Amino acid sequence: MSRAYTIPDDAWRHLYSVYGFFIALATTVLLAICVWPGLMSFDSILAYRQSIEGVETAIWPPMHDYLFYVSRMLSGGPGGLFVVQCFVLFYSASAICGHFARSGPMAAAMGVGLVALFFLFPTLAGTVIVLWKDVVVVSFSLAAIATWLSGVRRFQWWKFFCVFFFLIIAISLRYNALPLVLPFMLLTVINPAGRASDTRKRIGALAGAMLVLSVSYATTLWRLPDFKRLPPVGNLVGVINLWDLTGVSACENLNLLPEGLESGERIPAADFKRIFDSRHLNITFTNPIWQAHVPRWGVDASAIQAQWRTVIREHPLCYLKIRNAVFLEQFGLHRHQVFYPTHSGIDGNKFGLQLAYPARTSALVQDIVAWSNSPLRRIYLLHAVALVLAVIAVWINRWRYDLLFALGLGIIGFVGLLYFAAPAADARYVFPSGVFSALLAILALGRITMWIRAKRPVPTTEGENSSRRLS
């Protein structure tokens, strides 16, 4: 008789939690002694400033500002948030692995394997050491998943509420975080409490999902604590659209910018090939040729968006061509250096924030940049391997809609939206889908391994008869 395909018995639960705790603690400490209090770019410094002086804009969702505020209150600076984003990420990921492992050692191996993938694919390590909202999105998304799995095993209402609280934080941090976790949110509605699921809990989960969407959206409209209305973020969309128009102009060798944008003469069509840069819109718009013609916008964002819609309809192939160029840069599908694999330090600021160990940080950053040059360590490989393994694992589970299925859909949805909406090709933009891919690869490989072992004839034991089948 074949061995049952099982999840850990109650005896393992405490053990793999301990394994996960020490894996997360060790990883967080090692990173902290290299980059304390965490690297900070312009985005990070802006969020930190607004946590002190008040939120002024929602172009960057203000949830990151609020987390910096809590960090300052509890730790006196940004270091507290760095510890939280690293520890919560690695502990939650290890806990998720533990829920799918058959034993404590297997849970530990899966957790260590996931951490190893961060350094095998160095842009993951390069992002997690920076105080970017991309990292915290993943940390709280994984915390929601780990809490849901715990509630599926043993339902408790406090766990149920924590799942949606963590999701509010995650989705409020980035406008494109929703497609990453939406398939998981659907799973919580379908199966909110495992065997204890009933109509009442499913209705509660649906209400929780609606609350997550409503509160997340509200955080971009009104600021805390005075609930003052924030300026609209239409300009952000307009800037991305303008970048697209510049790229399509370069592709078609035409000036397709809206009339009135330039301050004087129109930009010559031949100059767009020298202006457009698929790595980042800031590189494009700081080009001397561009700045000479467009020192400031001569039209508003609505005119740019209207022109964008017209150009996309009339020149769809060139639009896809320039979007492909951004996609290839983001995923490292080229032979040259990966663009912006990490940040180099803490940008200049008036708050006295500086690195505690600049020599260690410099050495680690240089290693990450060098490692990311390897063609076998590009992030697209991790995505591809994870999705292939996921298809096999979901097939093993007879195509049931489970967590692995939801993770795979989240990765596809996130990357799909990013393809059309990315304002740059920074490696960090695919960090959320990269971490989900790392977790999905580990979980899928674990399921495939257990399925292969279950095919081997072994003596039946009383303990196996009482084990529960993994759903």
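Helices are DSSP runs of H or I with at least four residues, numbered from the N terminus. With that naming, the largest share of the lining of the largest pocket, 5 residues, comes from α11. Please keep in mind that this is a predicted model.

**The disulfide and other cysteines**

- The structure holds 1 disulfide.
- Its partners are Cys-251 and Cys-318, with sulfur atoms 1.9 Å apart.
- The disulfide is left-handed, because the torsion about the S-S bond of Cys-251 and Cys-318 is about -65°.
- Cys-251 is partly exposed, at a relative accessible area of 24%, whereas Cys-318 is buried, at 8% relative accessibility.
- Cys-86 is buried, with a relative accessible area of 0%.
- Cys-162 is partly exposed, with a relative accessible area of 23%.

**The largest pocket**

- The volume of the largest pocket is about 830 Å³.
- Its lining is made of 30 residues, and those nearest the centre are Arg-174, Leu-236, Ile-240, Pro-423 and Tyr-429.
- At least two lining residues each come from α2 (42-53), α11, α13 (281-285) and α19 (403-421).
- Sorted by class, the pocket lining has 18 nonpolar, 6 polar and 6 charged residues.

**Cavities**

- How many cavities of 30 Å³ or more are there? The count comes to 3.
- The largest cavity has a volume of about 70 Å³.
- Residues lining the largest cavity include Trp-148, Phe-155, Phe-160, Phe-164 and Pro-192.
- Two helices, α7 (133-153) and α8 (157-173), are the elements that give two or more residues to the lining of the largest cavity.
- The largest share of that lining, 4 residues, comes from α8.
- By class, the lining of the largest cavity has 6 nonpolar, 3 polar and 1 charged residues.

**Salt bridges**

- Side chains of opposite charge can pair when their charged atoms come close.
- Asp-134 and Arg-174 meet in a salt bridge through their side chains, at 2.8 Å from N to O.
- Asp-134 lies in helix α7 and Arg-174 in the loop between α8 and α9 (178-190), so the pair ties together parts that are 40 residues apart in sequence.
- Are Asp-134 and Arg-174 buried or exposed? Asp-134 is buried, and so is Arg-174.
- Asp-134 and Arg-174 also belong to a network of salt bridges that links them with Asp-43, Asp-426 and Arg-428.
- Arg-174 turns up in the pocket as well, among the lining residues that lie nearest the centre of the largest pocket.
- The side chains of Arg-49 and Glu-56 form another salt bridge, at 3.4 Å from N to O.
- Glu-56 is partly exposed, at 44% relative accessibility.
- Asp-198 pairs with Lys-201 in a salt bridge whose closest N and O atoms are 3.3 Å apart.
- In this pair, Asp-198 is partly exposed, with a relative accessible area of 30%, while Lys-201 counts as buried, at 11% relative accessibility.

- Trp-290 is found in helix α14 (residues 288-293).
- At 3% relative accessibility, Trp-290 counts as buried, since the cut-off for buried is under 20% relative accessible area.
- Which residues does Trp-290 touch, not counting those up to four places away in sequence? Its contacts are Leu-242, Thr-246, Leu-257, Leu-261, Ile-267, Ile-275, Thr-284 and Phe-285.
- The C-alpha atom of Trp-290 is 8.7 Å from that of Phe-272, a residue 18 places away along the chain.

Note on methods: Residues are numbered from 1 along each chain as its sequence is written. This is a predicted model: local features need pLDDT of at least 70, side-chain atom pairs count only at pLDDT 80 or more; totals for chains, interfaces and linings use all residues. Side-chain values use heavy atoms; hydrogens and water are left out. A disulfide is a pair of cysteine sulfur atoms within 2.5 Å. Buried means under 20% relative accessible area, exposed over 50%, partly exposed in between (1.4 Å probe, protein chains only). On a 1 Å grid over the protein atoms alone, a cavity is a set of points where a 1.4 Å probe fits but cannot get out, and a pocket is an open set with protein on both sides within 12 Å along at least five of seven lines; lining residues have an atom within 4 Å of a point. Grid points are joined across faces, edges and corners, and a volume is the space filled by probe spheres set on the points. Ala, Val, Leu, Ile, Met, Phe, Trp, Tyr, Cys and Pro count as nonpolar, Asp, Glu, Lys and Arg as charged, and the others, Gly among them, as polar. Contact means heavy atoms within 4.5 Å. A salt bridge is a side-chain nitrogen of Lys or Arg within 4 Å of a carboxyl oxygen of Asp or Glu.
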